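Student: I would like to learn how to read a structure feature by feature. Could we take one and work through it?
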Amino acid sequence: MAVTVERPQRAELEAALRLDFRSDTITQPTPAMRQAMADAAVGDDVFGEDPSINELEAEAARIFQKEAGLFVASGTQGNLLAQLSLTQPGDEIIAEVGSHIANAEVGGAARLGGLTVRPVVGRGGKIQPEQVAATIRPENVHYAHTRLLAIENTHNASGGTVLNLAELEALLEVANAHGLRVHIDGARVFNAAVALRCEPAQLAHGADTLTFCLSKGLSAPVGSLLVGAQDTIDRARRYRKMVGGGMRQAGVLAAAGLIALREGVDRLGDDHRRARVLAEGLARVPGVEIDLDSVQSNIVRFDVGGLGHTTASFATALQPSGVRVTGGAGASGVRMVAHRHIDDASVERALAAIGALAAAGAAAGAPDQRRLYG
Ligand SMILES: *Cc1c(COP(=O)(O)O)cnc(C)c1O
């Protein structure tokens with residue numbers, strides 16, 4: 001029996017994307033990516049014979065000035081492999097309390113790595129070096145070994161805040177002084193580099209490993225990379241196989257990833273500019289609570305409790321306008337993200353819709369925090 005699938009018209013899809021502020025993960029592959037995917041040279045990557053993947057891994061290593069790269073299915077997988085490769089079961093890792101690793105990776109560190117996560121409460125997603133020093137456990141028969149510091153840049157749950165080079169350096173120093181390994185969760189590290197006007201490699205300097213996502217602001221359909229020293233990446237490659245991530249002719253995905261790296265980075269500044277315009281517009285809406293200082297890249301987080309809304313009732317009330325948002329912190333937190341399908345008109349329309357909503361008054365509903373991360 002044939003299954004009929006309703007295919008939305010391309011124009012309809014495009015129009016919907018222009019008002020979809022839920023995440024930069026909703027970005028579609030570009031026409032150049034689709035072409036590159038069709039033309040990609042591929043091979044069996046478990047044999048190390050996929051030329052497109054080999055090229056992407058080499059390119060990632062080059063960009064971050066590390067010895068080797070590993071193509072992985074997702075940022076979550078990259079973070080997991082870094083943790084498995086840099087620790088022993090029973091070890092403890094330090095991560096900021098709102099970080100993706102501490103909150104949004106299904107407890108993989110504990111279940112698959114045998115690791116305890118020690119969450120440290122930061123400000124704006126940033127933990128201070130003194131906090132790290134105070135959290136590292138001394139040698140004692142009662143204590144787990146504190147082995148790894150995980151740093152998230154940009155910090156998603158804090159509104160895409162950017163850790164600058166001096167702040168990074170200070171954290172690396174304290175980690176080095178205590179023999180800790182360092183992993184950077186750089187899901188949006190290119191956003192950080194663009195915001196800081198620095199080379200991406202500077203944001204990986206001194207760290208053992210870094211993960212970044214191709215499938216967020218860079219618009220690739222699938223994939224992330226883990227970069228680090230050759231022996232670390234060799235270990236990560238074995239763990240990737242263990243968790244079922246040994247892919248075969250995945251060069252079709254790597255081909256899109258290469259375009260993402262070559263063509264996706266330069267335009268991230270536009271996303272940051274639009275996020276800023278959006279944030280400043282939101283700050284003028286009576287009842288919206290927003291910390292403009294937290295808006296440093298492409299993510300805008302704000303609170304609509306002052307409008308009498310919960311996250312869910314706010315999202316529902318916006319539905320007729322076509323504007324889509326997702327959850328933020330707490331019952332009335334909202335997140336909006338700028339990306340390749342959001343243009344200046346998208347921001348204007350969103351602000352108009354939210355302004356109209358605020359003017360019309362509010363209704364209550366149940367909170368929805370299903371998409372706090374991502
Ligand atoms: C999105 C994200 C990840 C990983 O996401 P995947 O959906 O697994 O690719 C990791 N860390 C942060 C900070 C993120 O925002």
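Student: Is aspartate 208 buried, exposed or partly exposed?

Tutor: Start with the origin of the coordinates: this is a predicted model, in which local features need pLDDT of at least 70 and side-chain atom pairs count only at pLDDT 80 or more, while totals for chains, interfaces and linings use all residues. Residues are numbered from 1 along each chain as its sequence is written, and side-chain values use heavy atoms, with hydrogens and water left out. Buried means under 20% relative accessible area, exposed over 50%, and partly exposed in between (1.4 Å probe, protein chains only). Aspartate 208 has a relative accessible area of 21%, so it is partly exposed.

Student: Which side chain does aspartate 208 meet in a salt bridge?

Tutor: Side chains of opposite charge can pair when their charged atoms come close. The term salt bridge is used for a side-chain nitrogen of Lys or Arg within 4 Å of a carboxyl oxygen of Asp or Glu. Aspartate 208 meets arginine 181, at 3.2 Å from N to O. The two are 27 residues apart and link distant parts of the chain: aspartate 208 is in the loop between helix 9 and strand 6, arginine 181 in strand 5. Helices (H or I, at least four residues) and strands (E, at least two) are DSSP runs, numbered from the N terminus. Arginine 181 is also partly exposed, at 30%.

Student: How many salt bridges does the structure hold?

Tutor: The structure holds 16. One of them joins aspartate 24 to arginine 188, with the closest N and O atoms 2.8 Å apart. This pair spans 164 residues, from the loop between helix 1 (10-17) and helix 2 (31-39) to the loop between strand 5 (181-185) and helix 9. Both partners are buried, aspartate 24 at 0% and arginine 188 at 3%.

Student: What separates arginine 62 and glutamate 59 in helix 3?

Tutor: They are separated by about one helical turn, because they are three residues apart in that helix. Their salt bridge has its closest N and O atoms 3.0 Å apart. Arginine 62 is exposed at 52%, whereas glutamate 59 is buried at 17%.

Student: Which residues are closest to the ligand?

Tutor: A residue is near a molecule if one of its heavy atoms lies within 4 Å of it. Here 14 residues surround the ligand, the closest being Gly75, Thr76, Asp185, Arg188 and Lys216. Helix 4 gives the largest share of this shell, three residues. For polar contacts, look for a pair of N or O atoms within 3.5 Å; within protein, one must be able to donate a hydrogen and the other to accept it, and residues adjacent in sequence count only if both atoms are side-chain atoms. A side-chain N or O atom of threonine 76 is 2.6 Å from a ligand oxygen, and a polar side-chain atom of aspartate 185 is 2.6 Å from a ligand nitrogen. The ligand taken alone exposes 390 Å², of which the protein buries 87% (Shrake-Rupley method, 1.4 Å probe; for residues, only the protein chains shown count as cover).

Student: Where is the cis peptide bond?

Tutor: Most residues other than glycine have a negative phi, and most peptide bonds are trans. The bond from asparagine 153 to threonine 154 is cis, with omega near 0 degrees. Threonine 154 sits in the loop between strand 4 (146-152) and helix 8 (165-177). As for phi, glutamine 65 has a positive value of about 50 degrees, and this residue is exposed at 67%.
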